[in-house]
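Subject: Handing over the structure

Hello,

Here is the structure I promised to pass on to you. Please open it first, and then read on for what turned up in it.

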Amino acid sequence: MAYGPHTTQDRARMLTTIGLDSVDDLFADIPASLRSSGLNLPPPESEAELSARLRALADRNRVELVSFLGAGAYRHFTPAVVDQLLLRGEFYTAYTPYQPEISQGTLQTIYEYQSLMAELTGLDVVSASHYDGATATAEGALMSCRAARRERVLVGRGVHPHYRQTICTYFAGASLVADEIPFVADGPAAGTTDLVALQRMLADPAHPVAGVVVANPSFLGLLEPMAEIGRLAHTAGALFVSVVEPVSLAVLATPGEYGADIAAGDGQPLGLPLSYGGPYLGILACREALVRQIPGRLVGMTADVDGRRAFVMTLRAREQDIRREKASSNICTNQALCALAAAIYLAAIGPHGLRDVAALGAARAAQLEAALAAVGVRRLHQGPYLNEFAISVPRAAAVHARLVERGILAGLPLADVIPDDPSLAEALLVCATEVTTPEEIAVFAAALGEELAGGTR
Amino acid sequence: MTAAEDRLGPTLFERSRPGRGGGKIPHPPKDALARIPVGGRRGEGPRLPELSEPELTRHYVNLSKLNYAVDTGFYPLGSCTMKYNPKIDEWAARLNGFAALHPFAPDAVAQGTLQLLWELEEALAEIGGMKAVTLQPAAGAQGELTGILMVRAYHRYRGDFERTEVLVPDTAHGTNPATASMAGFRTVEIPSAADGGVDIEAFRAALGPRTAAVMITNPSTVGLFESRLCELLDAVHEAGALAYMDGANLNAVMGRFKPGEAGFDVMHINVHKTFGTPHGGGGPGAGPVGVGEELVPFLPWPRVLREADGSFRTERLGERPQSIGRMRAFAGNTGVLVRAYAYIRAHGAEGLGEVSDDAVLAANYLKSRLSGVLDVPFDRPCMHEFVASAATLKAETGVRTLDLAKRLIDYGFHPPTIYFPHTVEEALLIEPTETESLETLDAFVEALRTIVAEAHLDPELLHSAPHSSPVRRLDETTAARQPNLHWKAMTGSQSPCPD
């Protein structure tokens, strides 16, 4: 066996101690009718063979393309120190810090992560982590229902479609209702949350609203009128759940500033690789008053019997292993190592560095907008954006596919993920970050211009 | 001041000095943010810590040294399967082709990862005897939720809206009842039988037209194979309910028992237990779910499919209308799944069988050697873990399981899972795994033997243990009564200590 230490003699000695003749005897409790026929799997591979197989598989992915893809997962520069420290076996081969005396490393790093996220979001309480942005958002929406004792949430259409689909899955189980707030159809605010519709939906006395869930920047990259949305939600007695992108919080108004009660988002942009969707980092934060409603682990500061400062998992009565069917969620294992990565990233890059990441991404995105405009490609919306925006491209899917052949990932055809919106049928969502270069922008703009000039082909 | 005390360092925030660090990111143009409306901007920049890279490195390396981990020693934490995490798996997940692949990359660009995911699904289906597998769930608990939501969808699709209950034995992991609640079911807890197994008669009595599913952990959380499983599964299906298997303990039975073949309809697998992916200090893991034929239409969307020409693609929106939908964004914890795939390929069929055999052998060896040192309540061969109890020791000396566990820390071992399952008094759930040498197992036995002797001679030594750890027992009451959940000292609004 690849990683086991036991020799034939070891096994014989263990059997002798147990007093049995064969390992088979240990499985006597399995009824004969249930014993399986053995495994039909490929034979074992040596590490040399396995590494060649893995490298070949990895090489089949084309990651060398010039990419303008974002849409909820972002390419960023990660300082080398982040991964070097993550490779400490003391961190990644430990488990949940059930024994705090020998887990202070994990516990302090989680406390520091909670503190860093509290600073970014402007909220007091941050869970030790959730699975990803989608599940954190769904948990935030569920939390609003528990706190408000109501059964309906309103979710902005500008929330990531995968997050909205996840909310639907979670809410179906709990027999709760999630209704969608439409976009403003046209004009300067097109593509942002329709405040008139929101106000109307909030005013339905038969179906009181527990929470209003809106993303800023939205999935379409647009900045939303968060303060106004929060005011409308609160006036109707609902909680305001804000979906955030953490790098943007270096420069954009925070959930704490615009009065959100709960914030959720994905921490992937903070030093985590794209890895085809995970593992990422679900950020979930709330105001202090909601601390007993938040699901997931929390680490607090305390002291040991000698009075030394120490950290421990706390407010455990919310959790499944204590509270069982009455727990605030079934979450157990979370994404601790991803939270550690995000904390190291933030500490390595510092406050000025994080602002520079956000600002440089914004600058590159403006360059991208200008370069595309120069070849006749316009933004789909007019409202302000940070570093991601939708562009109008006739026959978007076909053009996107042809650009892949030319080595360019031209963002995301919006109809792939929001197929039921005619206004997004011929549009690509494109993104720039601090790693996007002026050369890449020039290559993309020129290629897109040629494809469009080439007509239907 | 003790040596240990020296090792407890300041927080990132206390180490911060304005002006340190930097040099990671090029400077943006000054007007980069001019086009952002003032009302949408952050008032004051985030007060993140400022550290030089050497200080940062020492901060984290020294913190890491306060942790106990599989890489530092024996970690027999029952029901968690703390086996060795192979290093090639870490290397593999970091290969640029895997790590840099965007989750919205078109299928044509992502063939390597799609092939890996498809092959992993096939391998897990074979190991579990299941018809199909979803890799989407991010953890075991999310796998449970996925499985129970499929059960719900299955009954509703058949027009059966009366099934509102999920039966769970009282030895179950806390996630089982919490999952049933999240999926909108009422949990009915069934007491276990005296031999630690499920009480078939109690189950029969509770089963009926309101039962949606039965959730069984097999081998059970006391480390025993449910010997009357056939009867139980027959009764469940006779009642029109479905059988869910909590696969947390799959590490015991690979190659000898396939839950799907035996009649389980749905099961989650913790790859961070059975398939050697690291526990990460509490995640990330992954919780793939296998299902039988009748639940395939309800699997989360989207699945990975293989085309006739051998290429791979992801399901399109709306392609499988009966799906319960999405459990999360994107495909899954792919980076974790790469590690699980590598683990399975390294072992192959015979290696995985050997993993289970050695895990069970090691547990039985440890159990034999500890009989006479502690109480061992269930006198039959165990699977990959077993329950010991300090009930007699407590009666004789006043030393509790908690004290024993804390004293093990002084002897250089991570304590087993304690006070679980709740049905055994003063329980210790011990799971050695297959990757620990005989020398380690013997040293663990000797440590426990010594500790039991200490309990008789000097119980106070144990009540006040641990003595050698970086910190000693913690004030958990104050932590909960006056929660301090984030650092506020930078603004001077709060004392860093809770007193």
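This is a predicted model: local features need pLDDT of at least 70, side-chain atom pairs count only at pLDDT 80 or more; totals for chains, interfaces and linings use all residues.

A word on naming before anything else: helices (H or I, at least four residues) and strands (E, at least two) are DSSP runs, numbered from the N terminus.

Residues are numbered from 1 along each chain as its sequence is written, and chains are lettered from A and ligands numbered from 1 in the order in which they are written.

Chain A also has a cis bond, from Asn216(A) to Pro217(A), with omega near -10 degrees. Pro217(A) sits in the loop between β5 and α9 of chain A.

Now to the sheet in chain A. Its 7 strands form an open sheet in the order β2-β8-β7-β6-β5-β3-β4, with mixed pairing; two strands pair if DSSP finds at least two bridges between them. At the edges are β2 (125-126) and β4 (177-181) of chain A, each pairing on one side only. Strands β7 (residues 262-266) and β8 (residues 282-286) of chain A run antiparallel and are joined by 5 bridges. Ala263(A) has Ala285(A) in β8(A) as its bridge partner.

Helix α7 (residues 161-174) of chain A packs on this sheet, touching β3 (152-156), β4 and β6 (239-244) of chain A; contact means C-beta atoms, placed from the backbone, within 7 Å. Of the 14 residues of α7(A), 11 are buried, that is, with 20 or more other C-beta atoms within 10 Å of their own. Among them are His162(A), Tyr163(A) and Phe171(A). After α7(A) comes Ser175(A), whose phi is positive, near 55 degrees.

Which residues of chain B have a positive phi near 50 degrees without being glycine? One is Thr81(B), in the loop between α3 (53-64) and α4 (87-93) of chain B; Thr81(B) is buried, with 26 other C-beta atoms within 10 Å. Another is Glu426(B), in the loop between β11 (417-418) and β12 (427-430) of chain B. Glu426(B) counts as buried too, with 21 C-beta neighbours inside 10 Å.

Best wishes

How values were computed
Two residues are in contact if their C-beta atoms, placed from the backbone, lie within 7 Å. Axes are lines fitted to C-alpha atoms, for helices over the stretch in contact, and angles run from 0 to 180 degrees between N-to-C directions. A residue is buried if 20 or more other C-beta atoms lie within 10 Å of its own, exposed if 12 or fewer, and partly exposed in between; C-beta atoms are placed from the backbone.
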